Amino acid sequence: MGLMVCWLDKAVIRMSMDMRNYDNQDDVVTEGAGAERSDDWSLLCAQAATCADADRAWLVFFNADGCSPSVVMERRWPPLLQWDASDYLAIRQKAQFYCAVSPAGDTGIGRYMAVPVSRGSVGGLLLLEYRTMAPRLAPTQRQTLDMLATHGALLWREQEQSARQRKREGASRRFLRRLKSMFDHVPIPINGFDSQGRCILWNHECERIFGWSFEELKQHSAPLTLFYPDPEQRRQVVGTFTSLNSSVFREWRPLNRKGEALTMLWANIILPNGDMLCVGQDISAQKAIEAQQRLATSVFESSYEGIMVTDADNRITHVNPAFTRITGYSPEDVIGGSPELLRTQDHDHDFYAELCRHLDAREHWQGELWSRRKNGESYPLLLAVSVVCDDENRVLHHVVIFSDITHLKQHEAELKHRACHDALTNIPNRLLFGELLERAIAGAKRNEDRVAVCYLDLDGFKQVNDNLGHAAGDRLLIEISRRLGQITRSCDALARLGGDEFALLFTGLHHDLECDEILDRVLAVIHEPMELDGQQVRVSASIGVALSPQDADDAELLLRYADQAMYQAKKQGKNTYVFFDAELHRQEHDRKQQFALLSAAFKRNEFLLYYQPRIDLLSKRVIGVEALLRWQHSRRGIVAPADFLPLIIGSELEFEVGLWVIERVLDQMKVWVAQGLEFRVSFNVSTGQLMHPDFIDALDRLLARFPQVSPSLLDLEFQEAAVLADIDGLIPVLKRCRLLGLGVLFDNFGTGYSSLAHLNRLPVDTLKIDRSFVGELLSKEQDVGMVESVIQLAAVLRMGVIADGMEISAQGERLQQLGCLYVQGYGVSLPLPGEQIESWLQTWNDKRLPH
């Protein structure tokens with residue numbers, strides 16, 4: 001720093017308080033390091049001169065090298081040419097203190113006196129100038145001068161420290177100014193704060209991330225409160241500013257302008273002047289990805305479905321715990337291996353090749369297949385495979401998710417068996433027999449042989465039931481089924497059609513005598529006595545027989561012909577069999593004539609609709625009605641649909657009558673709406689009508705003609721025949737009906753089985769339990785089981801349930817116990833004309849509501 005010399009006469013020398021302004025002062029001359037705190041120096045030198053009775057006084061301070069003197073004096077004073085650094089050093093080295101001294105170039109008497117200055121590392125001289133020779137000082141004067149010299153040392157040290165601090169501050173600010181243009185454009189957030197917490201640097205990336213501009217933050221007195229409004233979190237943040245490892249990156253959660261919490265890393269660099277430079281990194285996206293990865297890992301580990309991941313070379317890389325639980329293979333068993341160890345012989349090479357081709361084309365496959373556990377056991381599973389590709393569509397992984405559906409398949413098989421087998425005898429029922437018959441007819445055509453269909457009704461069964469009870473009657477039916485099963489071949493079929501009626505199918509016949517021999521054995525085994533409740537019982541059978549191809553090659557027609565022949569056997573005295581003959585063809589001709597009469601009746605507007613109410617068993621509230629077709633015959637009166645509807649189904653009249661029914665329903669609903677009545681109305685749609693290409697458009701037009709009627713109050717009822725006909729065509733039709741606002745009911749559910757496999761695909765709102773199960777609900781546990789199965793199935797599929805055919809209150813109570821709350825049937829009301837519904841409702845409500 002050199003020597004600083006402060007010259008001051010008894011008048012106060014005005015000096016600048018700020019070193020940065022020295023060069024702008026007209027009345028100050030600066031040599032060397034310059035001077036500060038001019039008022040303090042002026043006062044100190046004036047006090048020293050006064051104390052020693054000198055003309056003036058000044059101070060000299062030595063730095064480490066002891067050279068480079070600096071002189072500060074008023075500009076009006078002439079330069080001190082007689083004093084230089086060697087003079088000051090000589091006085092100090094010779095310790096010429098409190099005596100008269102002169103500089104080397106002064107030949108006069110000793111007009112100067114030196115007082116030593118020493119305080120810690122600070123050393124120098126307090127010099128006094130006299131007009132004549134320096135006098136001898138009194139002790140009190142020397143003490144005062146020593147004290148002033150010490151004060152000068154302290155003032156000099158303070159001045160040096162202040163100068164160094166300003167130098168550091170200036171260097172820090174210049175550093176920030178030089179780097180600011182660079183910091184503004186770097187892709188990482190950088191900011192700076194002074195020691196009072198005010199923002200002094202805020203780059204563009206900070207503005208982008210936080211949303212505040214530098215101008216806004218520069219004017220804020222405490223910007224940290226914007227980012228950390230929570231006092232405790234802010235205290236922790238501020239605490240790191242002065243810690244020893246403040247430059248270490250720490251994770252914080254500041255808020256942006258929208259109030260969103262960010263996740264960021266910040267490191268703080270303390271500058272020499274106490275300002276702070278902060279360097280950050282926004283890791284919010286990284287943290288979100290990490291959270292997603294943790295979630296994906298959690299899902300992977302905790303999923304109940306098995307998950308297997310393979311690489312591009314189809315090598316297993318990951319399996320989850322559910323995979324081990326289902327397959328029995330641990331990760332160590334399979335990782336690095338091929339999924340082929342899970343394959344079974346149930347699927348051939350072509351199946352897997354087709355699966356691979358499908359994945360190559362669509363990158364996803366889902367379906368059912370069989371797999372093998374570690375213990376060798378085969379099991380069914382529902383499996384989905386997805387292909388994971390990179391941005392260039394190169395395969396990275398295959399992700400396989402699967403569920404063990406063993407229990408589902410078992411339950412499905414049980415339901416299917418229940419649906420297609422008679423619950424009492426466990427032999428096929430009518431629906432399954434129809435399928436077997438169709439297959440047999442097709443096989444007979446290929447093999448050019450014959451098929452015999454036998455319709456069998458037991459003679460004397462009613463007496464057994466009446467005399468010994470239903471339990472004995474059931475045991476008799478089981479025994480008859482067992483006997484008939486023993487005489488049928490594997491290529492033949494046996495079914496119980498209902499009650500005491502059975503059907504037999506014999507295939508591979510080449511002449512009539514073969515059929516006679518079989519039928520004789522059938523009559524013989526049925527007529528054999530059996531023991532029931534300690535009594536010997538004997539029954540016989542009346543059998544009708546129809547042959548294919550000579551009688552018919554249609555399964556339904558063939559069974560109908562056999563039924564007609566059975567009635568001829570009854571007429572002939574029972575315990576015999578009768579073959580269908582030409583007379584039955586004549587009856588078919590009569591059927592055509594009846595159809596012609598039916599068509600004429602329709603054109604004469606002899607058709608009308610009756611409505612049967614449905615109720616809620618709990619509240620007894622009417623929830624809706626079903627529209628039922630009737631024929632107002634000129635002689636026979638009201639004709640039920642069972643007597644004429646079969647003639648319409650499959651004819652050209654089917655679609656026309658179906659639309660007429662919908663139109664009449666809407667017209668009647670318009671009347672009810674005007675009367676203030678509002679409830680659901682369902683109508684039946686046949687398969688031919690439902691699958692007609694113009695059905696949806698015609699339905700839409702009819703709904704548009706009746707804007708007073710809300711489509712949401714309409715329910716469409718269809719039967720299983722539509723499912724069997726074309727399920728792929730049926731599903732979109734039902735979906736479009738739903739889009740029009742209609743509800744969808746599956747009518748007579750439980751009588752077939754083919755629909756079970758597709759029920760979860762059908763857009764159905766409600767299952768309607770067939771009246772055949774409700775009718776014997778109180779007497780047959782098998783029917784109870786069937787009804788209960790339908791209710792449980794509906795609950796699983798989140799569908800409603802309505803029971804048809806409730807005739808007595810006890811049936812309603814039993815249905816309610818099983819979980820079915822909605823019913824219709826004669827036990828509620830007979831079908832009524834539309835104009836009688838209002839009065840019936842009034843009467844019904846008067847009965848159910850307390851007065």
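In which helix is the place of glutamine 811?

Guide: The model is a predicted one. Glutamine 811 has its place in helix α26, which covers residues 809-818. With a relative accessible area of 5%, glutamine 811 is buried, because the cut-off for that class is under 20%. A polar atom of the glutamine 811 side chain lies 3.4 Å from the backbone oxygen of valine 774. Valine 774 is also among the residues that glutamine 811 touches once those up to four places away in sequence are set aside; the others are Gly775, Leu777, Leu778, Gly805 and Met806.

Glutamate 717 belongs to strand β29, residues 714-718. Its relative accessibility is 1%, so glutamate 717 counts as buried. The side chain of glutamate 717 makes a polar contact with the side chain of serine 682, at 2.7 Å. Serine 682 is one of the residues in contact with glutamate 717 beyond four places in sequence, and that list also holds Arg614, Glu626, Phe683, Asn684, Val685, Leu745, Asp747 and Lys768.

Leucine 716 touches Phe683, Val685 and Leu745, along with Leu690, Phe695, Leu734, Cys737, Leu742, Gly743 and Val744, again not counting residues up to four places away. Leu716 is also one of the residues that touch the most other members of the largest nonpolar core, which has 89 residues; the others are Phe607, Val665, Leu690, Phe695, Phe718 and Leu762. Helix α20, residues 653-674, gives the most to this core, with 11 residues.

In α14, residues 461-468, the buried positions are Phe461, Val464, Asn465 and Leu468. Down the helix axis these buried residues fall within an arc of 100°, so they line one face of α14. An α-helix has 3.6 residues a turn, so residues three or four places apart point the same way. Lys462, Asp466 and Asn467 are exposed on the other side of α14. The cover over the buried residues of α14 includes strand β18 (450-459), helix α15 (470-487), and strands β21 (530-532) and β22 (535-537). After α14 comes glycine 469, with a positive phi near 100°.

Positive phi also turns up at residues other than glycine. Alanine 95 is not a glycine, yet its phi is positive at about 55°. Alanine 95 sits in the loop between α2 (85-94) and β5 (100-101). Its relative accessible area is 43%, so alanine 95 is partly exposed. Asparagine 393 likewise has a positive phi, of about 65°, without being a glycine. The loop between β16 (378-389) and β17 (395-404) holds asparagine 393. Asparagine 393 is exposed, with a relative accessible area of 53%.

The peptide bond joining serine 548 and proline 549 is cis, with omega about 20°. Proline 549 lies in the loop that runs between β23 (540-548) and α17 (555-571). Serine 338 is in the loop between α10 (331-334) and α11 (349-362). Beyond four places in sequence, serine 338 touches Asn314, Arg315 and Ile316. The C-alpha atoms of serine 338 and valine 399 are 14 Å apart, and the two residues are 61 apart along the chain.

These parts can now be placed in the whole chain. The chain has 27 helices and 34 strands. Its radius of gyration is 55 Å, well over the 29 Å that the globule rule gives for 851 residues, so the chain is more spread out than a compact globule. Along the principal axes, the C-alpha atoms fill a box of roughly 175 × 70 × 50 Å. Of the 851 residues, 47% count as buried. Among contacts with a separation of 6 or more, 60% come from residues 24 or more positions apart.

Terms used. Residues numbered from 1 in each chain as written. Predicted model: local features only at pLDDT ≥ 70, side-chain atom pairs only at ≥ 80, totals over all residues. Heavy atoms only, no water. Helix = DSSP H or I, 4+ residues; strand = E, 2+ residues; numbered from the N terminus. Buried < 20%, exposed > 50% of the residue type's maximum accessible area, 1.4 Å probe, protein only. Polar contact = N/O pair within 3.5 Å; in protein donor to acceptor, adjacent residues only side chain to side chain. Contact = heavy atoms within 4.5 Å. Core = buried A, V, L, I, M, F, W, Y, C linked by side-chain atoms within 4.5 Å. Rg over C-alpha atoms; globule rule 2.2 N^0.38 Å. Arc of directions from axis to C-beta.
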